[in-house]
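Work through the exercises below with the sequence and the 3D view open. Try each task before you read its solution.

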Amino acid sequence: MSISEKLVLLNQDIENAEAKIIEKGGTVTNNGSSNLADNIDTIPTGSGESALYYSKSPIQVAYDVILPETLVFDAGNLRSGTSYYLSVRGFFTGVNAEKCENLKHIVLKGQIGTVESFINNNLRELIDIDLTETDTSKFYSYYNAFQNGNLKSIFGELNFSGVGDSVVGIFNGCSNLEDVRFAENNLNRAISLSSSSKLTTDSLISIANGLVAGNYTLTLHAISKANCNTIMGYVDNTKGYDVFVADESGTVTLSEFITVTKG
């Protein structure tokens, strides 16, 4: 390639860069490579990345796909951009139950925007879901998210601070659920785990600590509710909000913490 041809390509690159600057809200006052850095500095801070964009069309598993023992779904492989969040609403809605017989573990990674109706009872052998590599605070909806009678564990904290829709039915039918963790002090709406009689002590404490103080109803299975009466501890407010700390010598039951402290 001759020097003149390289110069033509360089000028085209500069023109393309200047067009992008204008597209991002900046201004081009002087053309040319010597002014390119100054023109880039005119782009408003956060331009193009300030809002969160959620996909309207969900990603779903095809009916005839045979699923492996561990299914890893990485949203980063499908869409780039720091502000774009994919929907996995109804991810397994049309799946053939016979094709899911090997599936025991699900891993979600990357930028997920909603887990509405994510799983169902077609996943007969499912054991756990791993959310440790996705930011659950960006989940817009948890509506009917984890409806499955075989699910035992959800790894990673469920953060409800980004919910703009619903958490209704999030744990419907989760009769084998044992392990689940809530981010502290961020659930400001009613939630039910009435199907879950096998919740561990650590799970019950985490759920209680996830509640924001106020008139929000937490519904537990009768067995889990009874277990809360036997878990002793004390209330720590050094974080600026109340947290239950398990301690056999404590004077507060977890039930009292939920009903009185959290209200």
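This is a predicted model: local features need pLDDT of at least 70, side-chain atom pairs count only at pLDDT 80 or more; totals for chains, interfaces and linings use all residues.

Residues are numbered from 1 along each chain as its sequence is written, and side-chain values use heavy atoms, with hydrogens and water left out.

**Exercise 1. The whole chain**

Task: Describe the secondary structure, burial and contacts of the protein chain.

Solution: 
- Step 1. Start with the elements. Helices (H or I, at least four residues) and strands (E, at least two) are DSSP runs, numbered from the N terminus. The protein chain has five helices and 13 strands.
- Step 2. Turn to burial. Buried means under 20% relative accessible area, exposed over 50%, and partly exposed in between (1.4 Å probe, protein chains only). Of the 263 residues in the protein chain, 38% are buried.
- Step 3. Accessible areas come from the Shrake-Rupley method with a 1.4 Å probe; for residues, only the protein chains shown count as cover. The protein chain exposes about 13600 Å², and carbon and sulfur atoms supply 48% of this area.
- Step 4. Consider contacts (heavy atoms within 4.5 Å). Take those in the protein chain with a separation of 6 or more: 62% join residues 24 or more positions apart.

**Exercise 2. Parallel strands**

Task: Which strands pair with β4, and over how many bridges?

Solution: 
- Step 1. Apply the rule: two strands pair if DSSP finds at least two bridges between them.
- Step 2. Take β2 (residues 70–74) and β4 (residues 105–109). They pair in the parallel sense over five bridges. Leu71 has Ile106 in β4 as its bridge partner. Val72 stands opposite Val107 in β4.
- Step 3. Now β6 (residues 128–133). Four bridges join this strand to β4, and the two run parallel. Here Val107 stands opposite Asp130 in β6.
- Step 4. Check the faces of β2. Leu71 and Phe73 point to one face and are buried.

**Exercise 3. A helix and the core**

Task: How many residues of α3 are buried, and what do they pack against?

Solution: 
- Step 1. Count. Eight of the 10 residues of α3 are buried. Among them are Leu204, Ile205 and Ile207.
- Step 2. List the neighbours. The buried residues of α3 pack against β8 (179–182), β9 (191–193), β10 (218–220), α4 (222–228), β12 and α5.
- Step 3. A nonpolar core is a set of buried Ala, Val, Leu, Ile, Met, Phe, Trp, Tyr and Cys residues joined through side-chain atoms within 4.5 Å. The largest such core has 56 residues; those with the most contacts inside it are Phe92, Tyr142, Phe146, Leu158 and Phe171. Helix α3 (residues 201–210) gives the largest share of this core, four residues.

**Exercise 4. Aromatic rings**

Task: How many aromatic pairs are there, and how is the pair of Phe244 and Phe257 arranged?

Solution: 
- Step 1. Know the rule. Rings of Phe, Tyr and Trp (its six-membered ring) pair if their centres lie within 6.5 Å; planes under 30 degrees apart count as stacked, over 60 as edge-to-face and the rest as tilted.
- Step 2. Count. The whole structure holds 10 aromatic pairs.
- Step 3. Classify. Phe244 and Phe257 are tilted, 5.6 Å centre to centre with 55° between the planes.
- Step 4. Locate the rings. Phe244 lies in strand β12 (residues 243–246) and Phe257 in helix α5 (residues 254–261), so the pair ties together parts that are 13 residues apart in sequence.
- Step 5. Check burial. Phe244 is buried at 2% relative accessible area, and Phe257 is buried at 0%.
- Step 6. Find the cluster. Ring pairs link Phe139, Tyr142, Phe146, Phe160, Phe171 and Phe182.

**Exercise 5. Cysteines**

Solution: 
- Step 1. Cys100 is buried, with a relative accessible area of 1%. Cys174 is buried too, at 0%.
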